[in-house]
Amino acid sequence: MLNVKGNQPNLAEAIQTWFDAADAGTLERPFWQHSQTDKNHGRIETRRCVATNDVA
């Protein structure tokens, strides 16, 4: 897990750019993702995990 605080704006922007590219399907680096959808207590919940071991 990687936590990024607001006082690290360049790192936060780079991570957001990475996730945007992963969502758009334009990421050239390897990554894995898994999602799980459950219906519980009258609502639908979707959990999504996106991971990579390429921290460059």
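This note sets out numbered points on the structure shown above.

1. Basis of the note. The structure is a predicted model, in which local features need pLDDT of at least 70 and side-chain atom pairs count only at pLDDT 80 or more, while totals for chains, interfaces and linings use all residues. Residues are numbered from 1 along each chain as its sequence is written, and side-chain values use heavy atoms, with hydrogens and water left out.

2. Overall dimensions. Along the principal axes, the C-alpha atoms fill a box of roughly 40 × 30 × 20 Å.

3. Burial and surface. Of the 56 residues, 9% count as buried. Buried means under 20% relative accessible area, exposed over 50%, and partly exposed in between (1.4 Å probe, protein chains only). The protein exposes about 5100 Å², of which carbon and sulfur atoms supply 50%. Accessible areas come from the Shrake-Rupley method with a 1.4 Å probe; for residues, only the protein chains shown count as cover.

4. Contacts along the chain. Among contacts with a separation of 6 or more, 15% are accounted for by residues 24 or more positions apart. Contact means heavy atoms within 4.5 Å.

5. Helix 1. This helix covers residues 9–24, which is 16 residues, and spans 22 Å from its first C-alpha to its last, close to the 22 Å expected at 1.5 Å a residue. The expected span is 1.5 Å times one less than the number of residues in the helix. Just after helix 1, Gly-25 takes a positive phi of about 80 degrees.

6. Nonpolar core. The largest nonpolar core has five residues in all: Trp-18, Ala-21, Ala-22, Leu-27 and Val-50. Helix 1 supplies the largest share of this core, three residues. Such a core is a set of buried Ala, Val, Leu, Ile, Met, Phe, Trp, Tyr and Cys residues joined through side-chain atoms within 4.5 Å.

7. Ala-22. This residue lies in helix 1 and is buried, with a relative accessible area of 8%. Not counting residues up to four places away in sequence, Ala-22 touches Leu-27 and Phe-31. Ala-22 and Gln-33 are eleven residues apart in sequence, and their C-alpha atoms are 9.6 Å apart in space.

8. Thr-17 is placed in helix 1 and counts as partly exposed at 49% relative accessibility. Its C-alpha lies 9.9 Å from that of Leu-27, ten residues apart in sequence. Thr-26 is found in the loop between helix 1 and strand 1 and counts as exposed, at 54% relative accessibility. The C-alpha atoms of Thr-26 and Glu-13, 13 residues apart along the chain, are separated by 17 Å.

9. His-41. This residue sits in the loop between strand 1 (32–40) and strand 2. His-41 is exposed, with a relative accessible area of 70%. Its phi is positive, at about 55 degrees, although it is not a glycine. Most residues other than glycine have a negative phi.

10. Glu-45. The place of this residue is in strand 2, where Glu-45 is partly exposed, with a relative accessible area of 24%. Leaving aside neighbours within four places in sequence, Glu-45 is in contact with Gln-36, Thr-37 and Asp-38.

Technical notes: Helix = DSSP H or I, 4+ residues; strand = E, 2+ residues; numbered from the N terminus.
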